[in-house]
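Here is a set of questions and answers for a reader who meets this structure for the first time. Please look through the sequence and the model before reading on.

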Amino acid sequence: MLRYVLTAVLALSAAPVRANDSVAELGTGGLILSRSDAVAMQSEDLFISPEKVTVDYVFHNNTDKDVDAIVAFPMPDISGNPEEIPAIPENQSDNFLGFEVTIDGAPAKPQLEQKVLALGIDISAELKAQNVPFYPFGDAAKAALAKLPQAVTDDWVNRGIIIEDTGSDGTEANKVYTPFWQLRSTYWWRSTFPANKDVRVSHRYKPSVGGTSSVSFFYNGKFQGQYATYKTRYCMDDTFENAVRKAAKDDPDGYPKYFESRIAYILTTGGNWAAGTIGKFKLTVDKGNPKALVSFCGDDVKKIGPTTFEMTANDFYPERDIDILILDPSDDN
């Protein structure tokens, strides 16, 4: 796969990154169908930006009989950990990505399947029995934990389901209990693909955008830290790296004044359709800020607007996921 990087060279600087300056992105993908050799994905139009992800599919039933299938949208797993809170767009809702779907233009109402795990063990029934919400980062879950009988609290602490957390004043007297479980969520629905017809399915959600308050792979005048990982993951090339070097050189403190935004899109988990390839695939990436730098891997990517870039392919087989790195100027007004 060819390396492709698009840049806007700026004279900017930033301080070196610290570990607690980062928030992790959650990798999220598209729809998954129950295995069917009758239904082909004729096209997929994927748009990714820091504000939204939209995906428009056209499925076609190649047979003379209607096909009933399960269509699912796996949400990313999230784990309750007060020390490592990921980037969550809707942090008080089970639908924490704001997922929406339409079928042939009509809004659908998918079911939400959720499971709670602790050390790999399903504890969903235990949380239900104590009226504790599954979503680990919501205020409702913490409020429910505060009302647990002491025997249940002690048992859950011992089993790694919840952990003790000192109060905001740092004292044991005001300690609280916070979730430490893992939540696994999937939206799903039954769909009929009529014989010899197209079905158009569209969905959208808010991406989990990871971030770092400065550049984690360049400081003290050289590429280091996360550099090797980033170069492979985001296909950073000489043009991109030279832009970072120039930004550092032009700054009095010697640091490129950018902050990182990272988006991860899981493209390789699909394929449960006829032929296993996508007839026509289009990817559009919007970096948002015209002054930002953006780097991602792709073939024959073209700039189609001040902030947008497009890749198209026929009979496309996804060999790798899509990882996007955006460097936004941290002093841009």
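Q: Which residue in S10 is the bridge partner of Thr102?
A: This is a predicted model, in which local features need pLDDT of at least 70, side-chain atom pairs count only at pLDDT 80 or more, and totals for chains, interfaces and linings use all residues. Residues are numbered from 1 along each chain as its sequence is written, and side-chain values use heavy atoms, with hydrogens and water left out. Strand S9 (residues 100-103) pairs with S10 in the antiparallel sense over two bridges, where strands are DSSP runs of E with at least two residues, helices are runs of H or I with at least four, both numbered from the N terminus, and two strands pair if DSSP finds at least two bridges between them. In S10, the partner of Thr102 is Pro107.

Q: Which strands are the edge strands of the open sheet of eight strands?
A: The sheet has mixed pairing and the order S10-S9-S16-S6-S5-S21-S24-S23. Each edge strand pairs on one side only, and these strands are S10 (106-107) and S23 (302-303).

Q: Which residue in S15 stands opposite Ala72?
A: Strand S7 (residues 67-74) runs antiparallel to strand S15 (residues 182-193), and eight bridges join them. Strand S11 (residues 111-118) is also antiparallel to S15, joined by seven bridges, and the partner of Gln111 in S15 is Trp188. The residue opposite Ala72 in S15 is likewise Trp188.

Q: Where do the buried residues of H3 fall, seen down its axis?
A: Helix H3 (residues 150-158) has Val152, Thr153 and Trp156 as its buried residues, buried meaning under 20% relative accessible area, exposed over 50% and partly exposed in between, with a 1.4 Å probe and protein chains only. On the other side of H3, Ala151 and Asn158 are exposed. Taking the directions from the helix axis to the C-beta atoms, the buried residues of H3 line one face of the helix because they fall within an arc of 100°.

Q: Which helices are among the elements that cover the buried residues of H3?
A: The cover is a matter of contact, meaning heavy atoms within 4.5 Å. It includes strand S13 (162-165) and strand S14 (176-179), together with the helices H1 (124-129) and H2 (139-145).

Q: Which element of the protein chain has the lowest mean pLDDT?
A: The protein chain averages a pLDDT (the predictor's confidence in each residue, from 0 to 100) of 87, and 90% of the residues score at least 70. Over residues 1-20, however, pLDDT stays under 50, and where pLDDT is low, the predicted coordinates should not be read in detail. H1 has the highest mean, 97, whereas the lowest, 33, belongs to strand S1 (residues 3-6).
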